[in-house]
Amino acid sequence: MKPLELIHSSLEKRVLVELRGGREYRGILEGYDHPHLNLILRNAEEYMNGEKKRDLKKVIVRGDNIIYISP
Amino acid sequence: MKPLELIHSSLEKRVLVELRGGREYRGILEGYDHPHLNLILRNAEEYMNGEKKRDLKKVIVRGDNIIYISP
Amino acid sequence: MKPLELIHSSLEKRVLVELRGGREYRGILEGYDHPHLNLILRNAEEYMNGEKKRDLKKVIVRGDNIIYISP
Amino acid sequence: MKPLELIHSSLEKRVLVELRGGREYRGILEGYDHPHLNLILRNAEEYMNGEKKRDLKKVIVRGDNIIYISP
Amino acid sequence: MKPLELIHSSLEKRVLVELRGGREYRGILEGYDHPHLNLILRNAEEYMNGEKKRDLKKVIVRGDNIIYISP
Amino acid sequence: MKPLELIHSSLEKRVLVELRGGREYRGILEGYDHPHLNLILRNAEEYMNGEKKRDLKKVIVRGDNIIYISP
Amino acid sequence: MKPLELIHSSLEKRVLVELRGGREYRGILEGYDHPHLNLILRNAEEYMNGEKKRDLKKVIVRGDNIIYISP
């Protein structure tokens with residue numbers, strides 16, 4: 001299975017997105033693009049170093065800073 | 001939905017743009033380009049580590065440093 | 001042997017993936033793409049500076065941050 | 001409006017250019033290129049962390065380090 | 001002589017690979033790719049800041065982090 | 001005027017080249033390439049954080065690390 | 001003169017190669033490639049922050065980390 005297929009099959013499901021700098025986003029994957037792996041999350045929660053920082057109704061996370069995506 | 005479509009549908013609306021290095025911009029999205037995701041914000045406020053730093057009537061934010069865009 | 005062939009021959013086997021910033025992932029390699037070297041790991045364990053942090057049933061690790069992959 | 005159009009319409013006007021590392025340049029925009037966004041400023045002032053450091057009659061600022069350009 | 005030719009002529013020989021962040025790998029070069037300069041090492045030893053950290057029977061080192069390769 | 005034209009018109013003139021990491025080079029511009037903006041300086045002086053470090057009869061400065069070039 | 005021509009004319013001559021992170025290499029330039037500017041040095045000496053660290057009979061220095069090359 002290709003990474004992109006796994007991302008595609010995660011649409012409309014909850015994902016965990018880990019970014020550089022201790023950032024973490026949890027929300028429903030609403031979209032993505034290729035090859036940048038920019039993501040749209042809905043009803044997202046932002047965590048910094050494990051502490052919740054913000055709720056974001058919608059957020060476009062740039063792929064550049066992503067370390068991993070866990071469906 | 002593709003990230004670019006969500007950005008497009010956010011034109012002339014208020015967005016929150018988070019950058020590396022504790023920078024945050026809030027303003028009305030007036031334009032963008034593809035694939036760099038450079039943005040034009042109007043009536044923007046610049047925050048550094050949560051504290052307001054400046055008002056910027058117009059500002060072109062380079063896409064490179066963007067972590068997320070929240071419509 | 002090309003690096004990509006070794007990655008291909010490691011499919012469905014346990015691999016160790018070392019990332020920048022003291023991160024390490026151990027799990028079964030379920031997929032990869034080329035040329036980004038994004039990986040899918042199954043039943044993965046995440047370590048930070050040698051300490052276990054999390055279990056991840058599935059995880060897509062972006063190739064950008066990878067230092068090495070050891071089959 | 002595209003970011004590039006706003007840059008173009010700022011030619012021969014004063015702009016503020018913010019760079020990584022606490023650098024800021026203020027001067028008259030005399031030229032730019034695409035897609036790098038390298039800029040030529042005339043009668044520019046260089047600031048480091050808010051303090052004026054130098055006057056530069058002409059300066060080519062590489063686009064790579066730019067965070068934002070404010071016309 | 002091109003760098004790639006020297007790498008090619010080092011196949012099946014011991015090489016020293018220095019990476020950013022104080023990492024060093026010593027092992028037998030089993031493969032490489034172009035233009036990324038990803039390498040396969042066999043019977044490799046990993047050093048961190050001069051201290052041995054691990055033995056790796058096989059390892060794919062991403063070219064991105066390499067500072068130098070010494071045959 | 002394009003940045004490249006200004007660089008071209010600075011050939012055989014003294015330029016100031018500011019790099020990341022507090023490095024500065026002053027010398028006569030003898031050549032450049034495009035699009036990397038690698039430069040050749042002749043009779044160059046190297047400064048680190050404002051203090052002179054070395055004289056370099058000829059030096060090829062990689063464009064990657066350049067912040068600005070001032071003719 | 002183009003930077004590449006100066007590098008070419010330095011073949012089989014001693015060069016000084018300055019890298020990010022306080023690294024310096026001195027040796028005879030035996031080869032290079034384009035456009036990466038990976039270099040082969042022969043009979044090279046490695047310096048860290050001005051102190052000699054190692055002799056390297058042959059070394060391929062990746063162009064990515066190079067700040068300057070001085071023939």
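**Strands and salt bridges**

D:E46 and D:R23 are both buried, where buried means under 20% relative accessible area, exposed means over 50%, and partly exposed lies in between (1.4 Å probe, protein chains only). This is a predicted model, in which local features need pLDDT of at least 70 and side-chain atom pairs count only at pLDDT 80 or more, while totals for chains, interfaces and linings use all residues. Residues are numbered from 1 along each chain as its sequence is written, chains are lettered from A and ligands numbered from 1 in the order in which they are written, and side-chain values use heavy atoms, with hydrogens and water left out.

Let us stay with that pair in chain D. The side chains of D:E46 and D:R23 form a salt bridge at 2.9 Å, N to O; the term stands for a side-chain nitrogen of Lys or Arg within 4 Å of a carboxyl oxygen of Asp or Glu. Strands here are DSSP runs (E, at least two residues), numbered from the N terminus.

A salt bridge also joins D:E30 to D:R42, again at 2.9 Å, N to O. Here D:E30 belongs to β2 and D:R42 to β3 of chain D, 12 residues apart. D:E30 has 11% relative accessibility, so it counts as buried, while D:R42, at 23%, counts as partly exposed. Over all chains, the count comes to 98 salt bridges.

Now turn to chain E. Strand β3 (residues 39-48) of chain E has 7 of its 10 residues buried, so it is largely enclosed by the rest of the structure. β3(E) pairs with β2(E) (residues 23-32) in the antiparallel sense over 8 bridges; two strands pair if DSSP finds at least two bridges between them. Across this pairing, E:I28 stands opposite E:R42. The hairpin of β2(E) and β3(E) has 6 residues between the strands, and E:L37 takes a positive phi near 65° there.

β3(E) also pairs with β4(E) (residues 51-61), antiparallel and over 9 bridges, with E:A44 opposite E:L56. The hairpin of these two strands has 2 residues between them, and E:N49 takes a positive phi near 50°.

Finally, look at chain G, where the side chains of G:R62 and G:D64 meet in a salt bridge at 2.7 Å, N to O. G:R62 is buried, with a relative accessible area of 10%, and G:D64 is partly exposed at 29%.

Methods: Helix = DSSP H or I, 4+ residues; strand = E, 2+ residues; numbered from the N terminus.
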